[in-house]
Amino acid sequence: MRIISGKYGRRRFEVPHNITARPTTDMARESLFNVLGGIVDFDGIVALDLFAGTGAISFELLSRGAASVTAIERATVQQRFITSVATRLDEHSLTLVRGDVFKFLSSCRQAFDLVFADPPYDLPQLGDLPRLIMESGVVKRDTLVVLEHPREFDFTTLPQFSQHRNYGKVNFSFFKV
């Protein structure tokens, strides 16, 4: 895993071979952050990373100036990796929540400036995820929600949809509350 830019830019971390996540490719992540850079001022934002996987999005946000990131991850291998990277970076603005994203969404009452979700592409509830996020307590007025998803999904008819970006097999849909 490579952190692309910011205070941790160009730092690399060896991802365990037994990880069960499908990390966002460096190219797609770099393209995403180029787009986000024109929409979001990262300095001081409070962000949420759902289905955190390797934590690459979380660390990229922190590297670029986010005040804090809450990362939700259920898998133990990924949790350990995220914790080890945070320790190596001496990063204390990351809160790792070990658990189920859907339980978190139903109970969390903290609103975030930016919500990023990269669910497993075979997740049965993937089509409902934008609605579940929008109806939860994690969004407020002007929250930007970014969902990574396979091309089979089209969220353009949802009321909060704002734009779609495609980078090879990686698709990002943006929603503005």
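1. A residue is called buried when its relative accessible area is under 20%, exposed when that area is over 50%, and partly exposed in between. The structure discussed here is a predicted model. By these cut-offs Asp113 is partly exposed, because its relative accessible area is 26%.

2. As to overall architecture, the protein has five helices and seven strands. Read from the N terminus, the order of these elements is α-β-α-β-α-β-α-β-α-β-β-β.

3. The dimensions of the fold may be considered next. The C-alpha trace extends over about 40 × 35 × 30 Å along the principal axes. Among contacts with a separation of 6 or more, 68% are between residues 24 or more positions apart.

4. Burial and surface can be described together. Of the 177 residues, 51% count as buried. The accessible surface amounts to about 8,500 Å², and carbon and sulfur atoms contribute 48% of it. The protein carries 21 positive and 20 negative charges, whose mean positions lie 3 Å apart.

5. Side chains of opposite charge can pair when their charged atoms come close. How many salt bridges does a search of the whole structure find? The search returns 11. One of them joins Glu30 and Arg2, with the closest N and O atoms 4.0 Å apart. This pair links distant parts of the chain, since Glu30 belongs to helix α1 (residues 26–37) while Arg2 lies in the segment before α1, 28 residues apart. Glu30 is partly exposed at a relative accessible area of 33%, whereas Arg2 is buried at 19%.

6. A further salt bridge brings together the side chains of Arg64 and Glu60, at 3.0 Å from N to O. Is Glu60 buried or exposed? Glu60 is buried, because its relative accessible area is 0%.

7. Asp113 also pairs with Lys140, and the N to O distance in this salt bridge is 2.8 Å. Asp113 is located in the loop between α4 (101–107) and β4 (114–117), and Lys140 in the loop between α5 (129–134) and β5 (144–149), so the bridge ties together parts that are 27 residues apart in sequence. Lys140, with 36% relative accessibility, counts as partly exposed. Elsewhere, salt bridges with shared partners join Arg2, Asp26, Arg29, Glu30, Glu60 and Arg64 into one network.

8. Phe174 is part of strand β7 (residues 170–176). With a relative accessibility of 1%, Phe174 counts as buried. Leaving aside residues up to four places away in sequence, Phe174 touches Leu32, Val35, Leu36, Ile39, Leu144, Val145, Val146, Gln160, Phe161, Ser162, Gln163 and Arg165. Phe116 is 58 residues from Phe174 in sequence, and the two C-alpha atoms are 9.4 Å apart in space.

Notes:
Residues are numbered from 1 along each chain as its sequence is written. This is a predicted model: local features need pLDDT of at least 70, side-chain atom pairs count only at pLDDT 80 or more; totals for chains, interfaces and linings use all residues. Side-chain values use heavy atoms; hydrogens and water are left out. Helices (H or I, at least four residues) and strands (E, at least two) are DSSP runs, numbered from the N terminus. Buried means under 20% relative accessible area, exposed over 50%, partly exposed in between (1.4 Å probe, protein chains only). Contact means heavy atoms within 4.5 Å. Accessible areas come from the Shrake-Rupley method with a 1.4 Å probe; for residues, only the protein chains shown count as cover. Lys and Arg count as positive and Asp and Glu as negative; His and the chain ends are not counted. The place of a charge is taken as NZ of Lys, CZ of Arg, CG of Asp or CD of Glu.
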